[in-house]
Protein chains: 2
Amino acid sequence: MEYQEAKDKFISTWGSLGTLWGINKAMAQIQALLFISTKPLSMEDIMEDLKISRGNTSMNLRQLMDWGIVTKVLVSGERKEFFTTEKDVQELARVIAKERSRREIKPVIKVLDEVSSIKDDGTEKTKELIKQTKALHNLTQDADAMINKLMDQKQNWLTKSVFKLIK
Amino acid sequence: MEYQEAKDKFISTWGSLGTLWGINKAMAQIQALLFISTKPLSMEDIMEDLKISRGNTSMNLRQLMDWGIVTKVLVSGERKEFFTTEKDVQELARVIAKERSRREIKPVIKVLDEVSSIKDDGTEKTKELIKQTKALHNLTQDADAMINKLMDQKQNWLTKSVFKLIK
DNA sequence: TTAAACTTTCAATAATTATTGAAAGTTTAT
DNA sequence: ATAAACTTTCAATAATTATTGAAAGTTTAA
């Protein structure tokens, strides 16, 4: 497999995987492109490489910056803006996990808490609703807390203690 | 908050959260409805409650069965089919995690492995592609393995050892 | 075997989401 | 202050994804 083929394969796979971490295709592809680039890229570079419009590029770069995984860099002697992404996978994972938690999981936990706190009127269906949403609330909250804790560990938790302890 | 309001809120929240675990709205809503129901429901029941068509209900029930989280149950004296979902959250989480791993994560790991294994032609860009996809490959593989291990623990790992060890 | 009861399929359509591109906005150099 | 270089916005449009509903298929009871 040649460089270009490998690159295309990586970008398109990463792009279609966007859904898994809750972002759209173009956004994921831009991030992927920056991730394997040896130097910061301009909007022009990105549009050209991915064959997407200026508007699309602009909007998605903005979103990536909102997520905190892409930053503008100033290239001396150049007027236009250049962009890079976080290059450390560990840190990338941390930021993504944190954002997803904040944007999607936390609001759901809140709803589950509200729903599971309704007054028990003694009927079977109410009891079931309370019981099941409470269970979901606990699971979601615990899992979210755990992921956040894991991700905050600065060291490589994966290959270290946690992983081994679980066996 | 009354029962009906709480129920609607739960179903719609869970439905819109479908994306987070990679399924569509109707599918998530059907599962949510079954999850808080005190007894198995027929296709008719589901269509009526969620106000969705027969075809839609049929297709999504099928998908839920493919995922292994909904099963047909025979109700004696009834001709039509009834459905229930896995009621234990722990087990539900296990099944979902496993399916997502199989359907989405594993194929990506494979691509990352292929891409990171291209021949190093000595150029900077090839080196960077290899380095970065290798890092991503390792992270993804480790995270996937860890989640699968965690989910396979029969007991409540969340509130037990793992969680505490991380601090 | 027939027909009623029920489920599945799938082409058509609707709803949603992503993308474009050109106009408006901003920044910088002179 | 002007204009060139660049970025952002957003209404229009395209692409994708979900949903419908009716016809075809299946099962069961008699």
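1. Lys72(B) has a relative accessible area of 47% and is therefore partly exposed. In this predicted model, Lys72(B) pairs with Glu81(B) in a salt bridge whose closest N and O atoms are 2.8 Å apart. Glu81(B), at 39% relative accessibility, also counts as partly exposed.

2. A salt bridge joins Lys7(B) to Asp49(B), with 2.8 Å between the closest N and O atoms. This pair links distant parts of the chain: Lys7(B) belongs to helix H1 (residues 3-16) and Asp49(B) to helix H3 (residues 43-50), 42 residues apart. Lys7(B) is buried at 10% relative accessibility, whereas Asp49(B) is partly exposed at 32%.

3. Within helix H5 (residues 89-116) of chain B, Glu99(B) and Arg102(B) sit three residues apart, about one turn of the helix. Their side chains form a salt bridge of 3.0 Å, N to O. Glu99(B) counts as buried, with 12% relative accessibility; Arg102(B) counts as exposed, with 51%.

4. Chain A has a salt-bridge network made up of Glu91(A), Arg94(A), Lys98(A) and Asp152(A). Over all chains the count is 28 salt bridges.

5. Glu2(A), Glu5(A), Asp8(A) and Asp121(B) form a negative surface patch. Glu2(A) is in the segment before helix H1 (3-16) of chain A and is exposed, because its relative accessibility is 58%, where exposed means over 50%.

6. Chain A contains seven helices and three strands, in the order α-α-β-α-α-β-β-α-α-α. Its radius of gyration is 21 Å, well over the 15 Å that the globule rule gives for 167 residues, so chain A is more spread out than a compact globule. The C-alpha trace of chain A spans about 70 × 40 × 35 Å along its principal axes. Of the 167 residues of chain A, 48% count as buried.

Note on methods
Residues numbered from 1 in each chain as written. Chains lettered and ligands numbered in written order. Predicted model: local features only at pLDDT ≥ 70, side-chain atom pairs only at ≥ 80, totals over all residues. Heavy atoms only, no water. Patch = residues over 30% accessible without salt bridge, like charges linked within 9 Å, V, L, I, M, F, W, Y side chains within 5 Å. Areas by Shrake-Rupley, 256 points an atom, 1.4 Å probe, with all protein chains shown as cover. Salt bridge = Lys/Arg side-chain N within 4 Å of Asp/Glu carboxyl O. Lys, Arg positive; Asp, Glu negative; His and termini not counted. Charge placed at Lys NZ, Arg CZ, Asp CG, Glu CD. Helix = DSSP H or I, 4+ residues; strand = E, 2+ residues; numbered from the N terminus. Buried < 20%, exposed > 50% of the residue type's maximum accessible area, 1.4 Å probe, protein only. Rg over C-alpha atoms; globule rule 2.2 N^0.38 Å.
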